[in-house]
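Visitor: Hi! Could you walk me through this one? I'd like to start with the surface.

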Amino acid sequence: MTSNATTAVVSLFNADEHVLANASALLAQVGHVVVVDDGSSRDPAPVLRQLQDLGCTVERLAENSGIAAALNAGIAVALSSGHRPAFILTMDQDSLLDGGYVSALEEAARAADQAGVRVGMVAPASIRGLPTRRAGIVNGVQLGGEPIQSGLLLPVPVIEELGPFQSDLFIDGVDTEYFLRTQAAGYKTVIAPQAALGHSLGTMTQARIFGTDLALRGQPVKVRTAASWRYYYLFRNRILLAAKYGRQNPWWAVKGFLADYRHLAIVTLLAPRRLERLSSAAAGIADGLAGRAGKRRVS
């Protein structure tokens, strides 16, 4: 079922034709889709033409500016169009929606509003079969913890009140910062119990130690990793966000640091590209402590 209440904004970078199926699934559920190419290094024109032919509005950034800047550009286009939506759905290029996903999020938002809950964002109940973070129940409404950006429903009045995503984070932590900002303003994250998102969370890599593949009961052991360059932003932005929000959210800050360093220890022990990953993380820590934001400066 198509909802004219929601406009989807999708960030793209070096997208291939797989994005067409995701866009078609979106167009079947929302009134308008805005796709933003974030300064792709490969020529995006062929894919963008096909997306335009499907019915998407296409926006192109002149240079790679990060996911926050891409989403902000798309939201600006969506809000300046003739039809002002009630909600913005933010999406990554590799997320595929099941049927009824958007209507489930909208229904959860309306039910929470009727129950007296100030809705800052609505997240799905699960991502690739894994339950999303929960934060208690208020007036029969399931509240959520820190969500991921893709598949997130944002009420337009909240965006207009709190402003755009923090673009100088570039990538990683953009969703966390907006979550903390909405929480600080008295808004809540709501879980849509009937919504599930298909989204890729990193890459599963064969675990190896001393050159030997690890197995457990005959099955290969795998660990989840991100691209090595991402570890710069993961560790830098954790420090920047802790400096900004840690005093108000000390337990969030402690848990986040513990989770990040535990993950780094595991992938350093078990996954390839150890030195690249450690170098990126170390550079991120140094720049975070120095208060540097924006796209990484590589000399």
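Visitor: Which residues make the nonpolar surface patch?

Guide: W251, V254 and L258 make a nonpolar patch of about 350 Å². Patch residues have over 30% relative accessible area (Shrake-Rupley method, 1.4 Å probe, with only the protein chains shown as cover) and no salt bridge (a Lys or Arg side-chain nitrogen within 4 Å of an Asp or Glu carboxyl oxygen). Nonpolar side chains are joined within 5 Å, like charges within 9 Å.

Visitor: Is L258 buried or exposed?

Guide: L258 is exposed, at 56% relative accessible area; exposed means over 50%, buried under 20%, and partly exposed in between. L258 lies in helix α8 (residues 250-270).

Visitor: How are residues numbered, and where does the model come from?

Guide: Numbering runs from 1 along each chain as its sequence is written. The model is predicted: local features need pLDDT of at least 70 and side-chain atom pairs 80 or more, totals for chains, interfaces and linings use all residues, and side-chain values use heavy atoms, without hydrogens or water.

Visitor: New topic: why is strand β2 called largely enclosed?

Guide: Eight of the nine residues of β2 (residues 30-38) are buried, so the rest of the structure largely encloses this strand. Helices (H or I, at least four residues) and strands (E, at least two) are DSSP runs, numbered from the N terminus.

Visitor: Which way does β2 pair with β1?

Guide: Parallel, over seven bridges, with β1 covering residues 3-12; pairing takes at least two DSSP bridges. S3 has V30 of β2 as its bridge partner.

Visitor: And β3?

Guide: β3 (residues 57-61) runs parallel to β2, joined by five bridges.

How values were computed: Buried < 20%, exposed > 50% of the residue type's maximum accessible area, 1.4 Å probe, protein only.
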